[in-house]
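Please look at the structure before reading on.

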Amino acid sequence: MKNRLKSALLVLSAVTLPATAAELLWYGQAAVKITTDAGKVILIDPFITRNPKTPEALKDLSGLGKVDLILVTHGHGDHVGDTAEIARMTGAKVAMNADMGHTFSTLGVVPADQLIRFNKSGPIKPVDGVTVTMVRAEHSSEFVHTDADGHKSVHPGGEPAGYIIELENGYRIYHAGDTGVFADMKIIGEYYRPDLELLPIGGHFTMDPKHAAYAVRNLLNSKQVLPIHYETFPPLTGTPEEFKAALGTTQTKVIDLAPGETMKF
């Protein structure tokens, strides 16, 4: 009787708690939503409601549901995006470079008890089963704040960053943030061995397709790459087609998503 009851409970558990595949949703620009196979939800650079590439159906933030963690790579508006509103709505932890975290706390953008201030190369475990490591990015960072009266002021955004996100199953995602190509990407490739890279290809403010292709081919060598941060605004002229042409024959598979589409892994 006891064994039959145990078997029944196992079957019930399998029915009510089905295993799920990890998923990444791209909103356009650098904004992504990662849902792990254990159901954790991570947003990176959630520029959603004012993102011209995000499908209208996804701009209603109430449709996000629960969010466990928000990662912000740097202080520019197209990366900070809706961080404050989503943090208020969901209670999610918000992780960013320590200096920008101090700016956010001082200005009241995000409550101090929701902020995780950290820096490069010191892995953190902000949610159960997920490890995040901040890595270098070659860019700039400042935060433009608009107060309740509509007055704008510019504040320190600390140093720009990328992130290595290791999920519960060991799968590793490298979100490069906004960056130019830099030689230490080789260390990122060799030490962290990301399974998936998210690399900007738009040019002007970041790598263009040729620079991104060089980074993939000579420095990172991951299994898959998702090009991001292109065609959102007029200066960002790089395209996935140019990126693929510059990449040529390589072991790295290019994942070509349209904003609003998802990939599973």
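The lining of the largest pocket divides into five nonpolar, six polar and three charged residues. Here Ala, Val, Leu, Ile, Met, Phe, Trp, Tyr, Cys and Pro count as nonpolar, Asp, Glu, Lys and Arg as charged, and the others, Gly among them, as polar. The model is predicted: local features need pLDDT of at least 70, side-chain atom pairs count only at pLDDT 80 or more, and totals for chains, interfaces and linings use all residues. Residues are numbered from 1 along each chain as its sequence is written, and side-chain values use heavy atoms, without hydrogens and water.

A pocket is an open set of points on a 1 Å grid over the protein atoms alone, where a 1.4 Å probe fits, with protein on both sides within 12 Å along at least five of seven lines; lining residues have an atom within 4 Å of a point. A volume is the space filled by probe spheres set on the points.

| Pocket | Volume |
|---|---|
| Largest pocket | about 360 Å³ |
| Second largest pocket | about 180 Å³ |

Strand 9 gives five residues to the lining of the largest pocket, the most of any element. Strands are DSSP runs of E with at least two residues, and helices are runs of H or I with at least four, numbered from the N terminus. Among the residues lining the second largest pocket are Gln 29 and Phe 233.

Thr 232 lies in the loop between strand 14 (224–228) and helix 7 (240–247).
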